[in-house]
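Work through the exercises below with the structure in view, and try each task before reading its solution.

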Amino acid sequence: MHRLAALCLLPFFLFPTITGGSDAQREAVREIVTSCAVPAEWILHRNGPVSVELVDDIPDLPYTVAGCSVPGEGIKVKAGYDNFRLGARVRWDWGYPSRIFKDVICHEWGHQIYDALAPQWQQAWNVRVWWQAGSENWPHPCEGFAENARLALFPSERRWRDFSTNPIPMMPAEEFRAWLEMACKASDPAWFEERHGFKLVPTT
């Protein structure tokens, strides 16, 4: 009985809760998270039952900020933010939700992958990026990680841009996937041994 109950509840722990926004936006979020090369199952196993909230506003953040990620809680993205404020003019042939909306989801979900890494592997990334950038005055390395994730772990149709405006040097996609696969396995070797893990293959 207990096992049956556990099996019935299992799917709720394999995918983030998605709230707010429109039906089309929530479906877009599901497609993006599902298409990520790092399975949501592993991210939720590491971070807990995180969620994706599509909100009207994010208090205490500048109006130009379209989304944010909170360790252990999930991500928040503005469902109806003004794209002009982000320096991007929406093209109507992009459809709805726009590719800019999807781009923000990819970036913020990348932060959740960073949060899922063991502290020593987060630090290994931080040191590597700071050394390459040459200054601790650059944006926090987790921003560079999220941008690398956006470009290397999601299909191109989920993204708005195929380049980064982040000043932190970017890692070639293949090199980033190889580094991340190593970091994920080292962060939780028992899970990989039990579940046979996953392999980060190039996205199309």
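**Exercise 1.** Determine how the axes of helix 6 and helix 7 cross, and which residues make the contact.

Solution. In this predicted model, where residues are numbered from 1 along each chain as its sequence is written, local features need pLDDT of at least 70 and side-chain atom pairs count only at pLDDT 80 or more, while totals for chains, interfaces and linings use all residues. Side-chain values use heavy atoms, with hydrogens and water left out.

Step 1: locate the elements, helices being DSSP runs (H or I) of at least four residues and strands runs (E) of at least two, numbered from the N terminus. Helix 6 covers residues 141-152 and helix 7 covers residues 173-187, and their axes come within 10 Å and cross at roughly 110°. The axes are lines fitted to C-alpha atoms, for helices over the stretch in contact, and the angles run from 0 to 180 degrees between N-to-C directions.

Step 2: classify the angle, given that under 35 degrees counts as roughly parallel, over 145 as roughly antiparallel, 65 to 115 as roughly perpendicular and the rest as oblique. Helix 6 is therefore roughly perpendicular to helix 7.

Step 3: find the handedness, which is left-handed if the near helix is turned anticlockwise from the far one by less than a right angle, and right-handed if clockwise. Helix 6 passes helix 7 in a left-handed crossing.

Step 4: list the contact (heavy atoms within 4.5 Å). Helix 6 contributes F145, N148, A149 and A152, and helix 7 contributes A173, F176, R177, W179 and L180. Sorted by class, the contact of helix 6 with helix 7 has seven nonpolar, one polar and one charged residues, where Ala, Val, Leu, Ile, Met, Phe, Trp, Tyr, Cys and Pro count as nonpolar, Asp, Glu, Lys and Arg as charged, and the others, Gly among them, as polar.

**Exercise 2.** Describe the crossing of helix 4 and helix 6 and the classes of residue in their contact.

Solution. Step 1: helix 4 spans residues 99-116, and its axis comes within 8 Å of that of helix 6, the two crossing at roughly 120°. Helix 4 and helix 6 are therefore oblique to each other, and their crossing is right-handed.

Step 2: on the side of helix 4 the contact is made by D103, C106, H107, G110, H111, I113 and Y114, and on the side of helix 6 by C142, E143, F145, A146, E147, A149 and R150. By class, the contact of helix 4 with helix 6 has seven nonpolar, three polar and four charged residues.

**Exercise 3.** Work out how helix 2 passes helix 4.

Solution. Step 1: the axes of helix 2 and helix 4 come within 10 Å and cross at roughly 45°, which makes helix 2 oblique to helix 4. Helix 2 passes helix 4 in a right-handed crossing.

Step 2: Q25, A28, V29, I32 and V33 of helix 2 make the contact with F101, K102, I105, C106 and W109 of helix 4. Of the residues in the contact of helix 2 with helix 4, eight are nonpolar, one is polar and one is charged.

**Exercise 4.** Is V38 buried or exposed, and which residues does V38 touch?

Solution. Step 1: V38 lies in the loop between helix 2 (23-35) and helix 3 (40-47). With a relative accessible area of 0%, V38 is buried, since buried means under 20% relative accessible area, exposed over 50%, and partly exposed in between (1.4 Å probe, protein chains only).

Step 2: not counting residues up to four places away in sequence, V38 touches I43, I113, L153, L180, F198 and L200. V38 and G110 are 72 residues apart in sequence, and their C-alpha atoms are 9.5 Å apart in space.

**Exercise 5.** Find where D60 is located and what its phi is.

Solution. Step 1: D60 is in the loop between strand 2 (51-55) and strand 3, and D60 is exposed, with a relative accessible area of 81%.

Step 2: most residues other than glycine have a negative phi. D60 is not a glycine, yet has a positive phi of about 70°.
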